[in-house]
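This briefing concerns a single protein chain and is intended for readers working with the coordinates directly. Please consult the sequence and the structure below while reading the points that follow.

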Amino acid sequence: MNKVCLVGRLTHDVNVNEVGENRVAKFTVAVDRGLSKEAKENAKQTADFIRCNAWNAKADLIEKYTHKGDQIGVSGKIQTDTYENADGKKVNVTFVLVENIDLLSSKRGQQNTFSVSEDDLPF
């Protein structure tokens with residue numbers, strides 16, 4: 001089974017790029033590690049930064065309705081990919097392929113709670 005659910009905050013505004021006839025949003029979610037106050041004081045890092053890819057309608061939704069700092073929930077599956085960088089070195093990346101998005105709240109304190117999945121879309 002390959003399933004992941006995350007709740008965190010967007011590290012940047014999301015931009016959608018064209019890939020052939022499809023659109024992809026590549027973004028990062030900062031997920032709090034849930035450390036105690038004492039553990040946070042001694043930790044070098046208190047959040048994990050998880051890369052995510054959302055395609056087509058989900059990409060458009062997250063680009064249109066979210067901004068840097070907004071809290072979102074994503075569920076999907078872990079995938080890995082390999083590419084060659086400009087120096088000719090192989091780079092391995094791990095990311096969440098987004099299946100569902102929950103828009104939870106904005107950094108401005110507004111409650112935007114709603115969810116979308118592929119089944120909810122009219123097209």
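S75 is found in strand β5. With a relative accessible area of 12%, S75 is buried, because that value lies under the 20% limit. The model under discussion is predicted.

- Leaving aside residues up to four places away in sequence, S75 is in contact with K3, V4, C5, L97, V98, E99 and N100.
- Q79 is also placed in strand β5. At 29% relative accessibility Q79 counts as partly exposed, because this figure falls between the limits of 20% and 50%.
- The contacts of Q79 are V93, T94, F95 and L97, when residues up to four places away in sequence are not counted.
- Q79 and N2 are separated by 77 residues in sequence, yet their C-alpha atoms are 9.0 Å apart in space.
- I72 touches L6, V7, G8, L10, F27, V29, I62, T66, D102, L103 and L104, again without residues up to four places away in sequence.

**Strand pairing**

- Strands β5 and β6 run antiparallel and are joined by 14 bridges. Within β6, V91 is the residue that stands opposite Y83.
- The hairpin of β5 and β6 has five residues between the strands, and G88 in this hairpin takes a positive phi near 80°.
- Strands β3 and β4 also run antiparallel, with nine bridges between them. T28 stands opposite R51 in β4.
- In what sense do β4 and β6 pair, and over how many bridges? The pairing is parallel and extends over two bridges.
- Two residue pairs can be named for contact with β6: C52 has V96 as its bridge partner there, and N53 stands opposite L97.

**Nonpolar core**

- The largest nonpolar core has 20 residues, and F27, I62 and I72 are those with the most contacts inside it.
- At least two residues of this core come from each of β1 (4-10), β3 (22-32), β4 (47-55), α2, β5 and β6 (90-105).
- F27 and I62 are both among the residues that I72 touches.

- N56 lies in helix α2, which covers residues 56-65. Its relative accessibility is 25%, so N56 counts as partly exposed.
- Most residues other than glycine have a negative phi. N56, although it is not a glycine, has a positive phi of about 50°.
- D70 is located in the loop between α2 and β5 (71-84). Is D70 buried or exposed? D70 is buried, with a relative accessible area of 3%.
- A polar atom of the D70 side chain lies 2.8 Å from the backbone nitrogen of H67.

**Cysteines**

- How many disulfides does a search of the whole structure find? The search finds zero disulfides.
- C5 counts as exposed, with a relative accessibility of 60%. C52, by contrast, counts as buried at 1% relative accessibility.
- C5 is one of the residues touched by S75, while C52 has its bridge partner V96 in β6.

**The chain as a whole**

- The secondary structure comprises two helices and seven strands. Read along the sequence, these elements follow the pattern β-β-β-α-β-α-β-β-β.
- The chain has 123 residues, and buried residues make up 34% of them.
- Among contacts in the chain with a separation of 6 or more, 57% involve residues 24 or more positions apart.

Conventions:
Residues numbered from 1 in each chain as written. Predicted model: local features only at pLDDT ≥ 70, side-chain atom pairs only at ≥ 80, totals over all residues. Heavy atoms only, no water. Helix = DSSP H or I, 4+ residues; strand = E, 2+ residues; numbered from the N terminus. Buried < 20%, exposed > 50% of the residue type's maximum accessible area, 1.4 Å probe, protein only. Contact = heavy atoms within 4.5 Å. Polar contact = N/O pair within 3.5 Å; in protein donor to acceptor, adjacent residues only side chain to side chain. Core = buried A, V, L, I, M, F, W, Y, C linked by side-chain atoms within 4.5 Å. Pairing = 2+ DSSP bridges. Disulfide = S-S within 2.5 Å.
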